[in-house]
Amino acid sequence: MTEIAARNRRNKRRGASWEAELRDGLREHEFDIERLRLAGKDDEGDHVVRLPAPPRHRPFVVIEAKSAKFEPGTFVKEALRERDAFAAHRGLDPADVDAIVAVRRRGANWRKAYVLTTVEEYFDLPPEAA
């Protein structure tokens with residue numbers, strides 16, 4: 001096995017471990033969280049949380065979990081694309097689904113992860129006119 005292949009394998013294991021830590025932590029606090037598994041252009045994110053009484057108005061939160069070099073623009077764009085795929089596969093309006101990125105912090109547990117989205121998404125602002 002080449003050095004690059006070994007590194008990729010370690011990174012995949014680290015990412016899977018982070019996803020499990022996040023999922024299990026949220027479950028311990030009684031969140032209804034499910035692991036999502038699709039790949040490629042149909043990827044729907046890593047997890048979905050169903051919220052019985054949403055803090056705002058969206059009953060679903062798609063989570064893209066990241067344990068990698070911090071690239072916020074790329075991460076958020078991916079999460080929004082995956083939110084749209086999640087909604088499309090279930091016949092939901094994307095406006096009913098939030099999308100966030102949970103970014104692992106080195107040396108910290110899942111509760112101290114960073115959560116990324118955009119101001120537009122967070123405050124439910126209408127899209128800008130092109």
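Phe-123 counts as exposed, because its relative accessibility is 55%. Phe-123 is found in the segment after α3 (119–122). Helices (H or I, at least four residues) and strands (E, at least two) are DSSP runs, numbered from the N terminus. The structure is a predicted model, in which local features need pLDDT of at least 70 and side-chain atom pairs count only at pLDDT 80 or more, while totals for chains, interfaces and linings use all residues. Residues are numbered from 1 along each chain as its sequence is written, and side-chain values use heavy atoms, with hydrogens and water left out.

Phe-123 belongs to a nonpolar patch on the surface, together with Val-119, Tyr-122 and Leu-125. Together these residues have about 440 Å² of accessible area. Such areas come from the Shrake-Rupley method with a 1.4 Å probe, and for residues only the protein chains shown count as cover. A patch is made of residues with over 30% relative accessible area and no salt bridge; like charges are joined within 9 Å, and nonpolar side chains (Val, Leu, Ile, Met, Phe, Trp, Tyr) within 5 Å. Asp-124 is also found in the segment after α3. Asp-124 has a positive phi of about 55° although it is not a glycine, and with 39% relative accessibility it counts as partly exposed.

The chain as a whole may now be considered. It has three helices and five strands, which run α-β-β-β-α-β-β-α from the N terminus on. The radius of gyration is 15 Å, close to the 14 Å that the globule rule gives for 130 residues, so the chain is as compact as a globular protein of that length. This radius is taken over C-alpha atoms, and the globule rule is 2.2 Å times the number of residues to the power 0.38. The C-alpha trace spans about 50 × 40 × 25 Å along its principal axes. Of the 130 residues in the chain, 35% are buried.

Helix α1 (residues 3–28) contains Arg-9, which counts as partly exposed because its relative accessibility is 49%. Arg-9 takes part in a patch of positive charge on the surface, where it gathers with Arg-10, Arg-13, Arg-14, Arg-104 and Arg-106. In counting charges, Lys and Arg are positive and Asp and Glu negative, whereas His and the chain ends are not counted. The place of a charge is taken as NZ of Lys, CZ of Arg, CG of Asp or CD of Glu. Asn-11 also lies in helix α1 and is partly exposed, with a relative accessible area of 37%. The C-alpha atoms of Asn-11 and Leu-26 are separated by 23 Å, and the two residues are 15 residues apart along the chain.

The loop between α1 and β1 (32–35) holds Glu-30. Its phi is near 65°, a positive value in a residue other than glycine, and Glu-30 counts as exposed at 74% relative accessibility. Ile-33, in strand β1, is buried, with a relative accessible area of 4%. Between Ile-33 and Leu-125 there are 26 Å in space, C-alpha to C-alpha, and the two are 92 residues apart in sequence.

Side chains of opposite charge can pair when their charged atoms come close. A salt bridge is a side-chain nitrogen of Lys or Arg within 4 Å of a carboxyl oxygen of Asp or Glu. A search of the whole structure finds twelve salt bridges. One of them joins Arg-90 and Glu-44, whose closest N and O atoms are 2.7 Å apart. This pair links distant parts of the chain, 46 residues apart: Arg-90 is in helix α2 (residues 72–90), and Glu-44 is in the loop between β1 and β2 (47–50). Arg-90 is partly exposed, with a relative accessible area of 39%, whereas Glu-44 is buried at 4%.

Lys-66 takes part in a salt bridge with Glu-64 (3.5 Å, N to O) and in another with Glu-78 (3.0 Å, N to O). Lys-66 lies in strand β3 (residues 60–66) and Glu-78 in helix α2, so this pair ties together parts that are twelve residues apart in sequence. Both Lys-66 and Glu-78 are buried. Elsewhere, salt bridges that share partners join Arg-58, Arg-83, Asp-84, Asp-98, Glu-121 and Asp-124 into one network.

Note on methods:
Buried < 20%, exposed > 50% of the residue type's maximum accessible area, 1.4 Å probe, protein only.
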